[in-house]
Amino acid sequence: MKSVTDKINELYSEADRTFLIKAYRYAEKMHENQKRASGEPYFTHPCAVAEILVDLGLDAPTVAAAFLHDVIEDTPATPEDIKREFGEEVYNLVDGVTKLDKIKFQSHEEEDAENFRKIFVAMAKDVRVIIIKLADRLHNMRSLNFLSNERQQRIARETLEIFTPLAGRLGISQIKCELEDLCLKYLDPESYEYLVKNIHQKIEERRKFVDTVVAKLSQMLRENNINGEVFGRPKHFYSIYRKMKNKGLTLDQIYDLTAVRVIVDKIEECYEVLGIIHKQWKPVPGRIKDYIATPKRNMYQSLHTTVVTDFGQYFEIQIRTVDMHKMAEYGIAAHWKYKEQKSGETNFDQRLSWIRDVMDWQGSLTTSKEFVDSLKKDLYTGELLVFTPHGKVISLPLDATPVDFAYAIHSEVGNKCVGAKVNGKMVPLSSVLKTGDVVEVLTATNTKGPSWDWLKFVKSGSAKAKIRQFFKHAMKEENRQTGKAMLEAEAKRRGYTLGELLTDEAFKKLSEKLVYTSVDEMLASVGYGAVSVNQIIYKLIDYRRREQPLQLPKVEAEKLKHTPAGSVSVKGMEGLLVRFAHCCNPVPGDDIVGFISRGRGVIVHRKDCPNLKDYDAARIQPASWTGDAEQGFLAGIKIIATDDSGLTAFITMEISSMQLYMTQINGRVGKDGKAVFDISVKLNKLSDLDLLIKHLKKDSRIIDVFRTTN
């Protein structure tokens, strides 16, 4: 078996070989004596990542960066060393991957969203960064068996949610398919083992049949003087698993375990072969797909047809040109692997245009959560293909509407849209489009712009982002004033002024977390509702306390005096002031810890409080309830319901019937039409809260009830 250095010597020019061997030896030296979880030398990992990229045909700077991608993070090597030894281009690639490697996908929804946003920013700067990261993730998934079960599950889940869709959208099917199968192996091991055992058995049973089909197709090509190649290829496990899950099928009911592929030279020959096949075998109605005329969103092109033999056996045939096959297998990586192909350049530009489009509209979204919600619509959903009146194909998410279509054409077309025709007939803007529809948008120059109601039915993330962007700009000053008033009121309630909290230094830290370019933009986002008042105030107060840890506002100092310290025992901390954290509001029955603050005694947090990760672990001590708690504790719960009519009275009655005291209730109707209630309840023990939640869930109007962190 060839080593990565053998492949480099075989595939790269002399200058590139010298450069890559230098990177190989440098990384080998820097990672000397380091070990992986498997016990292997750590250097085997960068070698494996580089080899994946060599097989994909990536250029020398990318492969060099793969060898070096962990040296800045894990060895004494400095950025200056990499720039000096390997140049600015390689350093930028290594730096991009290093930043992505620092991303941790844990349980913080907003932080996960921000990390996902960083991936796309890096990808927009140089798409090779994400290709290196995909290769890095692939090798880590291949060696996942050496980690704990908990880490296996977490890594496999984030891979399936984030990295496999990215590989698919970039068209790199080799990486996508293997990642999906490896994720299935760890997320549903029983199903994986069942498929491995039974599919291999069935493929062996069908091998003679597939060989017969391949031989027959090869003969048909020769008889019609068409130069081509025919072969059978088993479908990967995850695609079969997903089909069984989605359609409720057994393995015996899935007939296309193996796809037969026909590779020819010209596009015209693809259609000629399709006709020859349909003359020989009957096609299954509704199972003929032309991805040549209407490529998938990742620029995949091929003809698919499912036919049935005279013996009643079904099988799928895929017909494509040599260039299409290269793009189907290697996706965006074909740009480097097949440099001489002009069509590859076109596909490369089209794939990059998708990334650029995403980065264009992501700038209009204030929070990373908004960005991820919008992106998932574009990245994870299926697609439908519709036409403009001039025959241009537009790709949209499933169940998209004429408004989605309008914004896919251009932001201004969407903003000025007043009506739509589908197949020549006027339809409501909320109508669901179907593949093949011809859509015409009617616009007016004097329209006031989009309607808030459009957000209830549009499906594409870009359309939602552009509608929100319009309202942000149209109401910017009003939103800014509203946001400022809201923050001033909340700061005052907590014993501060907004001027004390919102210093230049505090805003600089805040903008690093939430990606704001100005104070006005941040204030407008609060007024607009893109970010909550508490999200901003908590961070500003935290920044102030870190700068002035010994100073407490009067309100906080008074709270310390009345804390029922005797209700909690903190290991080795007798006699200190004890208070309960307002970020997680622990109540008797919760698992708790004590944080030893500077000059403020002990602050008791729930053990699962997300804020603890930002604290010094050495100052966190075990704590327990003593059973002496006799005064009430505050707990927050959130209720999500289908209808808000009469619910306030019902909630109040339930709390009263349990002899609990409600200190606050806030209700609103979300943009999705669901009613949301935030409630603060005073209680003595955790079991009271559990019982209240159980009682509330009995009402048929209530979708969910859960305890909140704040």
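**Cysteines and strand pairing**

With a disulfide taken as a pair of cysteine sulfur atoms within 2.5 Å, the count comes to zero disulfides. This is a predicted model, in which local features need pLDDT of at least 70 and side-chain atom pairs count only at pLDDT 80 or more, while totals for chains, interfaces and linings use all residues. Residues are numbered from 1 along each chain as its sequence is written, and side-chain values use heavy atoms, with hydrogens and water left out.

**Cysteine burial**

- Cys47 counts as buried (under 20% relative accessible area, with a 1.4 Å probe and protein chains only) because its relative accessibility is 12%.
- Cys609 is likewise buried, with a relative accessible area of 5%.

**Five-stranded sheet**

- Strands, which are DSSP E runs of at least two residues numbered from the N terminus, and which pair if DSSP finds at least two bridges between them, form an open sheet of five in the order β11-β15-β13-β14-β12, with mixed pairing.
- β11 (568-570) and β12 (578-580) stand at the edges with a single partner strand each, so one side of each is left without a neighbour in the sheet.
- The twist averages 35° from one strand to the next, with axes being lines fitted to C-alpha atoms and angles running from 0 to 180 degrees between N-to-C directions.
- β11 runs antiparallel to β15 (residues 620-625), joined by three bridges, and Ser569 has Ser624 in β15 as its bridge partner.

**Hairpin**

- β6 (residues 383-387) and β7 (residues 393-397) pair in the antiparallel sense over five bridges, and Phe387 has Val393 in β7 as its bridge partner.
- The hairpin formed by β6 and β7 has five residues between the strands, and Gly391 in the turn has a positive phi of about 90°.

Definitions and conventions
Helices (H or I, at least four residues) and strands (E, at least two) are DSSP runs, numbered from the N terminus. Buried means under 20% relative accessible area, exposed over 50%, partly exposed in between (1.4 Å probe, protein chains only).
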